[in-house]
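Have the sequence and the structure open as you read.

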Amino acid sequence: VGMKKVAIIGAGIVGSTSAYYLSRSSEWQVTVFDEGIGQATKAAAGIISPWFSKRRNKAWYQMARLGADFYQVLIRDLQKDSFETNFYQQTGVYLLKKDESKLSELYELARARREQSPLIGDLDLLSQSRVRQQFPYLRGFDTLLYASGGARVEGAQLTKTLLEASHAKIVQKRVSFKKTSDHCYLIEGEKFDAVILSAGAWLPELLQPFNYLVDIRPQKGQLRDYQTHLPTEQYPVVMPEGEIDIIPFNGGKFSIGATHENNQGYDLQIDEKLLYAMQEEASLYCPIFDTAKVLGSRVGIRAYTSDFSPFFGECTELPKVYLASGLGSSGLTTGPLIGHQLAQMVLENDLLLQTPNTPNTCLLYTS
């Protein structure tokens, strides 16, 4: 019996993690297909800090919490395989609220959650004078909430590292797949024993030939990168109330983002007006952006379901086809865990997490 073949369509955070974990098995040969356009992960600079979420959806929180924890496993595995992991930096997070009386409630919530998630680290309510020692240019608040366990992730660097570590064959092309009479799947003339669909907002298009309607809508997100002279290495991530986050990276770089634009379809045009509005808002907290050099802008398309929850699993009518989508703006938090889960499904191993939302609730088979 030769090696079995698995195709992964979509090389974002889910697809690249799946590729990495599948390639660690000697039984499977991995091919990744990705057109390389519009991917949410490439445009994502993310914050790993799910512990302050007040979403009522308990399954979602459980998944986000485990997703944050899973980074420790992923980093350990990549380091064991001699890969750099500086795409992830645990420098802490600052949470700002317009109504600062809400901060003590969030502090108590995170303290209660810390028993389950020690990763949260130290929690503290900090005055502006205390913050100034760590992040001198931050303003626009009297008190903020700090958690030392918060982390920042550079999405593009993460997927690049995972794909390199996977040694998978990468094909840069938009593809579709067909079922063959002998229970395999055909992509670009090649037969595969299993397929992972990790194409995010483009999942509906892949499943349409099989008469599936998929509960996914695209949402456009843009962010902008800046260069400053600040010593950003140890700066925590800043999460003001509202859409924008201020994410420091090494070497004086910052990202501000991201927009949440509905009803834009799959449009990938940069909207200067929106980016400028984001910059103005960020400048209220950190005036350096008024004079900082703009390095560039990024745009990607996120996938959302109606209940804002991701789903993943095996497709009912298509055996050995596994899929995930709907990760929304928490994709960098839940993506690696979901990618790992899909790989374990292909390998028929035990799962770290029981599916909180099976694809069957998000896919409607219409034939």
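## Cysteines

In this predicted model, C184 is buried, at a relative accessible area of 13%. C315 counts as buried as well, with 2% relative accessibility.

How many disulfides are there? The count is zero. C184 is in no disulfide, because a pair of cysteine sulfur atoms must lie within 2.5 Å to count, and the nearest cysteine sulfur to C184, that of C315, is 17 Å away.

## Two helices

Let's turn to the helices. Helix α1 spans residues 13-23 and is mostly covered, with 10 of its 11 residues buried. Among them are I13, V14 and G15, along with Y20, Y21 and L22.

Helix α5 covers residues 155-166 and holds T159. Is T159 buried or exposed? T159 is buried, with a relative accessible area of 4%. Its side chain reaches the backbone oxygen of A156 at 3.0 Å.

Strand β18 (residues 253-257) is largely enclosed by the rest of the structure, because four of its five residues are buried.

Which strands pair with β18? One is β15 (residues 217-227), which runs antiparallel to β18 and is joined to it by five bridges. Here Q227 stands opposite K253 of β18. Another is β17 (residues 245-248), paired with β18 in the antiparallel sense over four bridges. In that pairing, D245 has G257 of β18 as its bridge partner.

β17 and β18 also form a hairpin, with four residues between them. In the turn, G251 has a positive phi of about 75°.

Notes
Residues numbered from 1 in each chain as written. Predicted model: local features only at pLDDT ≥ 70, side-chain atom pairs only at ≥ 80, totals over all residues. Heavy atoms only, no water. Buried < 20%, exposed > 50% of the residue type's maximum accessible area, 1.4 Å probe, protein only. Polar contact = N/O pair within 3.5 Å; in protein donor to acceptor, adjacent residues only side chain to side chain. Pairing = 2+ DSSP bridges.
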